[in-house]
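Here is a short report on one structure. Please look it over before reading on.

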Amino acid sequence: MKLECFVSLFCLGVGAMAGKYSREVNEHKPSSSDGKTVEFRIAKLNQVWEKAQRMQLPPVKQAELHSDLKIQEKDELQWKKLKVEGMDENGEKEAQIRRNFNVILAKYGMDGKRDTRTMESNSLKDHDANEGDGFDDPRLDKLWNKAQSSGKFSSDELLSLKREFQHHKDKIHEYNILIDTVSRTEEVHKNVISPLEGDAKEHVLHQKHTELKLKMRDLNQGFERLRKISHEGFTEDSEFREPRVIELWEAAKRANLTQDELDSLKEELHHFETKVEKHNHYQEQLDLSHQKLRHVESLGDKEHIQRNQEKYNTLAEKTREIGYKMKKHMQDLNNKISQQGLQHNEL
């Protein structure tokens, strides 16, 4: 029954709002100077994508990278337009875009550093992880073990809670990446000769330290939420299930929005949650399809291999497309919450 409702939501909810995010992903793929079809309109993004394929990243991780690179492409093209119009004079937007690109490289192990931060090869931990698998953080591991043994949660609730723990672990990973980028920028800042260049880098460093503070605040609030749920269980009036949606809703409640704005945002977040669930579903199917393809390849039946390869390729393309739409929508929601909260604080 739950699955039937979920499929119905796809047909009714997701279809109605697909148009807003479909145009960009449905455009014909760009061509390089030699006429070959490429994935992206920016050369360095194609280089990253080609490197990822040589590295043979797991299928779900590769689809996630593709979605991140599509967001980066969109942001860089928008910035180039702003720059032509003279609207990024202090270089703030440029610094942010460069930082985002560096975070992508570090996140997928392409920054040339030996990454001591753990990074999972697949995002489907809540479906196939062993009971003893940890979260690489003693506080999280202790909290999770208590929740598991408390008897407060059904099996479905434990899966939901584990997704929240995994999301928090990913946020810690992102925070560590940002610390690394700030450290590298500070090293460069020490070697600056020009006073004007020094002022610009000082501004960038200030931005990064501000972002670090905000991320640390979010991590503390996220951990406090996990601690509360682990001790008290889920409440009857829990609005959302997906960690990313819960995080947006919590941010909205802190943003000093009016009740009408909160009600409107809540409705949009329910639509967004359906999109996140659809993305999760496609990630699961992509992983299963990849496992089946590997099995068929081991049997050596060329016709069977070709059929499964075609199915896998189609599913991978669809997963990337849905991932981009979901991340673009999340970016828009984050901006909306920030801007509305800022407007109210200025009044």
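The sections below cover the model, a helix pair, a helix end and a cavity.

## Basis

This is a predicted model: local features need pLDDT of at least 70, side-chain atom pairs count only at pLDDT 80 or more, and totals for chains, interfaces and linings use all residues. Residues are numbered from 1 along each chain as its sequence is written, and side-chain values use heavy atoms, without hydrogens and water.

## α4 against α11

Helices are DSSP runs (H or I, at least four residues), numbered from the N terminus. The axes of α4 (residues 59-84) and α11 (residues 259-299) come within 9 Å. They cross at roughly 135°. Axes are lines fitted to C-alpha atoms over the stretch in contact, with angles from 0 to 180 degrees between N-to-C directions.

Contact means heavy atoms within 4.5 Å. On α4, Pro-59, Val-60, Ala-63 and Glu-64 make the contact. On α11, the partners are His-279, Gln-283, Leu-286, Asp-287 and His-290.

## The span and end of α11

At 1.5 Å a residue, the 41 residues of α11 should span 60 Å (1.5 Å times one less than the number of residues). The end C-alpha atoms of α11 are 60 Å apart, which agrees. Just after α11, Gly-300 takes a positive phi of about 85°.

## Cavity lining

On a 1 Å grid over the protein atoms alone, a cavity is a set of points where a 1.4 Å probe fits but cannot get out; lining residues have an atom within 4 Å of a point. Lys-171, Glu-174, Tyr-175, Lys-215, Asp-218 and Leu-219 line the largest cavity. α8 (155-190) and α9 (195-232) each give two or more residues to this lining.

Definitions and conventions. 1 Å grid on protein atoms, 1.4 Å probe; cavity = no way out; pocket = protein on both sides within 12 Å on 5 of 7 lines; lining within 4 Å.
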